[in-house]
Amino acid sequence: VTVAPTTINCAALPIAPGATTLRSVTGTVTPTTATVRALQTYTSGLTVEAAWAPVDASFGAFGFSLPIGAPVKLAWVANPATLAFVPDAAAAAKYSIEAASNGTPKSQTINASATVAPLVFTFP
């Protein structure tokens, strides 16, 4: 087996996803020591962390700016000559917002194509 590095996002072959509109998603979590992140699942079943938000230590507030356009994907190829991203339209604007406290997660699914009401997570 030969092992060799693959360079991505170099000046000759930059990763430049298309422009998209961002949607603000906000909320609160109790206790304020919890963590919050946005997950997006592609139609293939792969789930990625799309964003992470800090939680305000005084009020438990958090916020994201999430893209509402289709995420793009690309099969891995060693040292590609070009990058041919393919949009995953079925996953556009669909997220699972996950809060976790002391190893216990709670999640709420959202569709960010329209305004999202503030989310509330409460842990015992």
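The structure is a predicted model, in which local features need pLDDT of at least 70 and side-chain atom pairs count only at pLDDT 80 or more, while totals for chains, interfaces and linings use all residues. Residues are numbered from 1 along each chain as its sequence is written, and side-chain values rest on heavy atoms, with hydrogens and water left out.

The chain contains nine strands and zero helices, giving the pattern β-β-β-β-β-β-β-β-β along the sequence. Here, strands (E, at least two residues) and helices (H or I, at least four) are DSSP runs numbered from the N terminus. The C-alpha trace spans about 50 × 35 × 25 Å along its principal axes. The radius of gyration of the chain is 17 Å, whereas a compact globule of 124 residues would have one near 14 Å. This radius is taken over C-alpha atoms, and the globule rule is 2.2 Å times the number of residues to the power 0.38.

Of the 124 residues, 27% are buried. Buried means under 20% relative accessible area, exposed means over 50%, and partly exposed lies in between (1.4 Å probe, protein chains only). The accessible surface of the chain comes to about 7800 Å², and 60% of that surface belongs to carbon and sulfur atoms; such areas come from the Shrake-Rupley method with a 1.4 Å probe, and for residues only the protein chains shown count as cover. Among contacts (heavy atoms within 4.5 Å) between residues at least 6 apart in sequence, 58% join residues at least 24 apart.

Turning to the aromatic rings, the structure holds two aromatic pairs. Rings of Phe, Tyr and Trp (its six-membered ring) pair if their centres lie within 6.5 Å; planes under 30 degrees apart count as stacked, over 60 as edge-to-face and the rest as tilted. The rings of Phe-62 and Phe-64 form an edge-to-face pair, because their planes stand at 65 degrees, with centres 6.0 Å apart. Phe-62 and Phe-121 make a tilted pair, since their planes meet at 45 degrees, with centres 6.3 Å apart. Phe-62 belongs to strand S4 (residues 61-67) and Phe-121 to strand S9 (residues 119-122), so this pair ties together parts that are 59 residues apart in sequence. Phe-62 and Phe-64 are buried, and Phe-121 is buried too. Together, Phe-62, Phe-64 and Phe-121 form one aromatic cluster.

Three further residues can be looked at one by one. Ser-101 sits in strand S7 (residues 94-101) and counts as buried because its relative accessible area is 7%. Leaving aside neighbours within four places in sequence, Ser-101 is in contact with Pro-31, Ala-34 and Phe-123.

Val-116 is found in the loop between strand S8 (104-111) and S9. With 13% relative accessibility, Val-116 is buried as well. Not counting residues up to four places away in sequence, Val-116 touches Val-25, Ile-110 and Asn-111. The C-alpha atoms of Val-116 and Gly-27 are separated by 9.8 Å, although these residues are 89 residues apart along the chain.

Thr-21 lies in the segment before strand S1 (22-30) and is partly exposed, at 48% relative accessibility. Beyond its neighbours within four places in sequence, Thr-21 is in contact with Leu-66, Pro-67, Ile-68 and Gly-69. Thr-21 and Pro-67 are 46 residues apart along the chain, yet their C-alpha atoms are separated by 5.8 Å.
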